[in-house]
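Subject: Two-chain model, handover and notes

Hello,

Please find the structure below. My notes on it follow.

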Amino acid sequence: MATRKNAKKPNVSADELKSYYRDMLLIRRFEEKAGQLYGMGLIGGFCHLYIGQEAVVVGLEAAAEDGDKRITTYRDHGHMLACGMDPKGVMAELTGREGGYSKGKGGSMHMFSTEKDFYGGHGIVGANVPLGAGLAFADKYLENNRVTFTYFGDGAANQGQVYETFNMAAIWDLPVVFVIENNQYAMGTSQKRSTSTPDIYTRGEAFGIPGEAVDGMDVLAVKEAGEKAVAHCRDGKGPYILEIKTYRYRGHSMSDPAKYRTREEVQKMREEKDAIEHVRDLLLSGKHATEDELKAIDKEIKGIVNDAAEFSKDSPEPSVEDLWTDIYTDVAPQNA
Amino acid sequence: MATEILMPALSPTMEEGTLAKWLVKEGDEVSSGDILAEIETDKATMEFEAVDEGTIGKILVEEGSEGVKVNTAIAVLLEEGESAEDIDTSGSDAKPDPKPEETSEAKENSTPAKAKSDEADDIPKPDTTPDWPEGTDMKTMTVREAINSAMAEEMRRDDTVFVMGEEVAEYQGAYKITQGLLDEFGGKRVIDTPITEHGFAGIGVGASWGGLRPIVEFMTWNFAMQAIDQIINSAAKTLYMSGGQMGSPIVFRGPNGAAARVGAQHSQDYAAWYAQIPGLKVVQPYSAADAKGLLKSAIRDPNPVVFLENEILYGKSFEVPVMDDFTIPFGKAKIWREGTDVTIVSFGIGMTYALEAAEKLAEDGVSAEVIDLRTLRPIDYDTVIASVMKTNRCVTVEEGFPVASIGNHITATLMERAFDYLDAPVINCTGKDVPMPYAANLEKLALTSTDEVLEAVNKVTYR
């Protein structure tokens with residue numbers, strides 16, 4: 001874990017800080033609610049929560065511009081909320097209802113929003129990495145100066161196709177930021193047991209791709225690194241790797257008892273490194289916000305999440321006709 | 001308002017569990033994320049965390065209780081200002097959130113695709129419009145030239161069409177299919193890839209989502225097994241998984257099936273593999289005209305298309321219509337030869353044996369109708385069924401393995417939709433159930449042949 005740059009005064013406005021606090025809190029409360037709905041049997045199958053990793057997507061979204069794209073693997077709820085997708089549509093997809101982003105046909109791991117340039121939501125570990133480079137390939141081909149954030153985990157970083165993609169992204173100078181969300185456990189296997197290098201970003205060196213490690217529990221550090229990576233891509237210099245060291249508080253999925261690490265390890269991270277608490281401290285100590293203001297934000301978020309949960313219960317199941325729709329399309333897609 | 005804490009489901013299959021241990025007691029204040037209890041599921045012991053903050057007002061299920069049903073209230077959480085006396089336990093029955101039940105109406109409506117064949121007795125009326133107008137000028141062309149010209153024409157028509165693959169640009173194509181394209185369209189649109197099928201297939205699919213129309217060439221389809229996850233999981237399924245938001249307009253193409261003396265790893269027909277996948281379209285042309293017209297349709301199709309070519313056919317010449325814009329729609333079989341005694345159904349290089357057999361049969365006075373399926377998804381059932389209703393006999397011909405072959409599927413469809421019209425069991429001529437041997441004599445035996453087709457026809461016509 002990179003050390004937090006406590007010494008440095010953050011060069012950030014009160015409004016920005018508040019918006020990061022709000023966005024991260026939305027993800028956390030949303031995920032807690034999703035966990036609860038899973039417990040009630042309203043969400044089925046696999047459900048991978050993002051709790052603990054909120055600063056990664058919120059920091060990087062702060063570095064993105066309109067039209068930039070993002071794609072990730074199966075732990076995707078946070079990415080969707082951070083890029084502005086409607087919590088109701090996300091939650092209703094988790095409950096498999098018509099009001100979900102995929103009309104209930106995708107589920108937790110397979111959700112998309114072309115409107116928000118969110119390209120999934122992919123259930124095959126590592127497969128989204130060439131897909132993300134392909135989106136960047138299209139942007140370069142169409143000369144539209146956009147950047148694709150391609151997120152994957154420390155586990156996916158051992159898939160062969162990641163390195164096939166690094167190679168092509170480098171030889172073709174694709175505008176893609178490879179974001180390795182290193183939460184230190186590939187399901188139940190620690191990075192130490194699965195990965196030959198302690199710093200995964202250094203694997204880019206073999207392909208001439210620059211990269212760096214970033215403290216993923218510090219949203220400001222993530223944002224700063226994201227801006228640097230995006231500028232690199234937009235300047236036509238090719239791909240960039242950000243290895244964001246983060247931590248997931250919950251198990252790999254809802255049904256993971258998490259016996260591969262101690263309760264103390266998790267507790268220590270929560271108490272000492274929590275990304276939301278960090279911003280809360282900055283807001284209060286810098287007198288950017290009062291306790292009451294933060295309480296009001298908490299309340300607003302709680303309302304949004306409760307509304308999403310209600311919507312996800314009330315939305316009907318997809319119609320039986322929908323079993324047979326969306327297998328083929330007659331409509332040619334618009335240029336992105 | 002006091003809220004009930006319910007017994008959680010902690011795995012996709014859990015219906016009940018043991019409340020092994022409470023880690024809080026009545027009166028404790030808890031906040032979101034605090035561990036409340038340990039629950040034993042069918043798989044493991046799990047920690048159960050609080051979602052809301054408040055005070056534990058009452059524990060309703062003691063630790064050690066077994067068989068606690070999911071969604072039973074196990075404790076009551078009080079909000080600020082409430083006390084234990086406020087608890088109204090009368091409503092504390094497990095109120096599982098209603099999992100919307102499948103209504104009987106829904107069940108009735110969910111007609112499986114198969115049931116559509118209830119109109120079995122309806123004689124299908126296949127589309128018999130000609131592929132090109134009568135009197136069109138024709139030109140002799142190899143399959144190789146036809147595929148090349150289809151790509152060049154579509155690249156001229158649409159700037160977002162590009163071709164990528166191993167040796168497609170500077171080398172001019174391992175089988176010279178992309179010859180001349182680099183000169184005409186430049187390196188931006190004719191792209192040599194490293195030898196990395198999995199990776200470039202994925203980049204192609206991503207590019208198709210980003211507004212382009214990629215043609216991904218596999219040097220052979222054998223190598224595409226490295227990329228099959230991207231073809232199926234990413235290209236074929238995304239439209240469905242995204243609720244119709246994102247299609248993948250991409251063509252995967254290259255030579256498929258046995259060539260000559262290249263051994264087991266380079267000689268396999270993938271027709272049946274890909275034809276099984278909803279979301280894909282699958283083409284396997286025989287003639288040059290079909291290769292051209294179908295490839296142009298494939299490139300314009302907003303869905304992912306698997307285009308299975310054949311190395312041996314590349315050099316074969318056919319008549320191709322000279323037209324400004326010649327396309328052939330998918331799902332329309334071609335009757336190469338009309339006949340009355342037996343229907344021979346084939347596609348791709350299998351047509352070579354089918355047509356040769358029909359020629360020999362004609363010399364013997366047997367009139368064979370020969371149908372080229374051309375596309376295997378969608379498949380033109382109507383043309384096959386209408387033909388079998390006339391001839392009452394059917395033989396299928398393909399080079400792929402026998403188990404779960406296209407012929408098997410045609411046979412099953414005929415049993416469902418034309419059983420009463422069959423005068424003999426359908427016979428499937430296929431490749432043998434062995435990896436392709438290298439030795440010339442064994443390789444020949446491993447493939448199907450004109451003689452095998454003749455033998456099958458003799459059997460179904462009881463000659």
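How many residues does the contact take from chain B and from chain A? It takes 57 residues from chain B and 57 residues from chain A, where two residues are in contact if their C-beta atoms, placed from the backbone, lie within 7 Å.

Some conventions before the rest. This is a predicted model, in which local features need pLDDT of at least 70, side-chain atom pairs count only at pLDDT 80 or more, and totals for chains, interfaces and linings use all residues. Residues are numbered from 1 along each chain as its sequence is written, while chains are lettered from A and ligands numbered from 1 in the order in which they are written.

Interface, chain B side

The contact, again, draws 57 residues from chain B. At least two residues each come from β5 (45-49), α1 (104-109), α4 (197-209), α5 (228-236) and α6 (238-241) of chain B; helices (H or I, at least four residues) and strands (E, at least two) are DSSP runs, numbered from the N terminus. α4(B) provides the largest share of this side, 10 residues. By type, the side of chain B that touches chain A has 26 nonpolar, 26 polar and five charged residues. Here Ala, Val, Leu, Ile, Met, Phe, Trp, Tyr, Cys and Pro count as nonpolar, Asp, Glu, Lys and Arg as charged, and the others, Gly among them, as polar.

The seven-stranded sheet

Chain B has an open sheet of seven strands in the order β11-β10-β12-β13-β15-β14-β20, with mixed pairing; two strands pair if DSSP finds at least two bridges between them. Its edge strands, β11 (190-192) and β20 (375-377) of chain B, each pair on one side only. On average, neighbouring strands of this sheet are turned by 20° against each other, direction ignored. Axes are lines fitted to C-alpha atoms, for helices over the stretch in contact, and angles run from 0 to 180 degrees between N-to-C directions.

Within the sheet, β10 (161-165) and β12 (213-217) of chain B are parallel and share five bridges. G165(B) has E217(B) in β12(B) as its bridge partner. α4(B) packs on the sheet, where it touches β10 and β12 of chain B, and its direction makes about 165° with that of β12(B).

Helix α11 (381-391) of chain B is largely enclosed by the rest of the structure, because eight of its 11 residues are buried. A residue is buried if 20 or more other C-beta atoms lie within 10 Å of its own, exposed if 12 or fewer, and partly exposed in between, with C-beta atoms placed from the backbone. The buried residues of α11(B) include Y381(B), V384(B), I385(B) and V388(B). Their cover includes β17 (334-337), β18 (342-346), β19 (368-372), β21 (394-397) and α12 (406-418) of chain B. After α11(B) comes N392(B), with a positive phi near 65°.

In β19(B), five of five residues are buried. A368(B), V370(B) and D372(B) point one way, and E369(B) and I371(B) the other.

Nonpolar core

A nonpolar core is a set of buried Ala, Val, Leu, Ile, Met, Phe, Trp, Tyr and Cys residues joined through C-beta atoms within 7 Å. The largest one has 229 residues, of which M24(A), V177(A), I344(B), V395(B) and V453(B) touch the most other members. Helix α1 (14-39) of chain A gives the most to this core, 11 residues.

Regards
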